[in-house]
Amino acid sequence: MEALWKQASRIKEQVARQGVFKQFGAGAYGNPDNPFTDESEVKLHQRLEKLYLSTRAAKHFQRDIVRGVEGYIVTGSKQMEIGNKLSDDSQKYGIKNTCTSGNTLSRAATYFGKARSLIEKERGNMLKAFGTQVAEPLRAMVMGAPLEDARHLAQRYDRMRQEADAQVVEVSRRQNRVRESVGNGEVISKLEAAEYKLEELKSNMVGLGKEAVSAMAAVEGQQQRLTLQRLIALVEAERAYHQRVLEILDHLEEEMVSERQKIEAPPTPAAESYMPMPPPPSYDEVNDMFASTSADQSVNSVDFFLGEALDSFKAESEFELNLSVGDIVIVRKISSNGWAEGECKGKAGWFPHAYVERRERVLASKVPHIF
């Protein structure tokens, strides 16, 4: 009978020890049904458990951001290498072009090569910002001392809590022995010593738990703030890159569209500049022509239209209008002797009609230069 009693006691102790807290689990000391359970300590333990899970998830997220940014930097660097090679090839063609029918394509290639070089430079600036403003700060926090120190405190609290769980089992076992051997002073003394040790462990554990909670809460707050700041820096760097690239591409489009219009346009009047041209109508002649009802009018008033200068024209009198290649002109009158009257850059005057080609659409950036 005594042997059966001892075997039952051993089984009871084994079952109790199997419930010992291992990694923020509910051990014997954390069991609300246990008579030694302290409600405040249980809440402290639950709070620390949530902080531990929160900081671990944030750490993994920070690590994912670092890995993603580093991968983006690697692929972006490869794209820079390809883009710079394309830039060099384009500019090389622009310089060494031997086309006999004109240099329009060579100029366009040069524009493209220079723009591509600027784009890749902006890409390099963005990748540098990704590294210095995003990856490095997050990596430092993942590997930093504050997080590791807080985790060490939590682990020390975990080990002390396991020891307290084991001590709870020890106190329970000695209480059973006291009941079995009533009046035995030695057994009672050992029970008192076990209970004293349990109270000491409990006091130390609560103090260490509060310290761990404070440290983990500070780390959690720092993780939230820093990670959000770095994500904002990531967005701002990429946004600045795309804005700058858009500006470069807009300017490049203007240059290349202008070159395309030149190559598609009919021969410019420069090829026929050796032919003499009559002077433009005088002010009085124009007024007389408009006042006359004769059918043989040499100056026609037309619906205003926009034209682009295909060649430069230098005014030789106060009645003529200076033109540069690419200028947009509002054409208002056309003379039968080859002259047209219009306005450009806030000035009005006459110019050879053949120097201007009608345009149905013009780039928005050139509109302010008309008036």
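Rings of Phe, Tyr and Trp (its six-membered ring) count as a pair if their centres lie within 6.5 Å, and the planes make the pair stacked when under 30 degrees apart, edge-to-face when over 60 and tilted for the rest. By that rule, the structure holds three aromatic pairs. This is a predicted model, where local features need pLDDT of at least 70, side-chain atom pairs count only at pLDDT 80 or more, and totals for chains, interfaces and linings use all residues. Residues are numbered from 1 along each chain as its sequence is written, and side-chain values use heavy atoms, with hydrogens and water left out.

**View A. Tyr72 meets Phe130 edge-to-face.** The ring centres of Tyr72 and Phe130 sit 5.5 Å apart with the planes at 65°, so this one is edge-to-face. Tyr72 belongs to helix α2 (residues 39-96) and Phe130 to helix α3 (residues 104-142), so the pair ties together parts 58 residues apart in sequence. Helices here are DSSP runs (H or I, at least four residues), as are strands (E, at least two), all numbered from the N terminus. For burial, the cut-offs are under 20% relative accessible area for buried, over 50% for exposed, and partly exposed in between (1.4 Å probe, protein chains only). Phe130 is buried at 2% relative accessibility, while Tyr72 is partly exposed at 37%.

**View B. Phe313 and Trp339 make another edge-to-face pair.** Here the centres are 6.0 Å apart and the planes stand at 75°. Phe313 comes from the loop between β1 (299-309) and β2, and Trp339 from strand β3, so parts 26 residues apart in sequence get tied together.

**View C. β2 and β3 form a hairpin.** Strands pair if DSSP finds at least two bridges between them; β2 (residues 328-335) and β3 run antiparallel and are joined by four. One to look for is Val331, whose bridge partner in β3 is Gly342. Three residues lie between the two strands, and Gly338 in the turn has a positive phi of about 100°.

**View D. β3 goes on to form a hairpin with β4.** Strand β3 (residues 339-344) is mostly covered, with five of its six residues buried. Six bridges link β3 to β4 (residues 347-352) in the antiparallel sense, and Cys344 has Lys347 as its bridge partner in β4. Two residues lie between these strands; Lys345 in the turn has a positive phi of about 55°.
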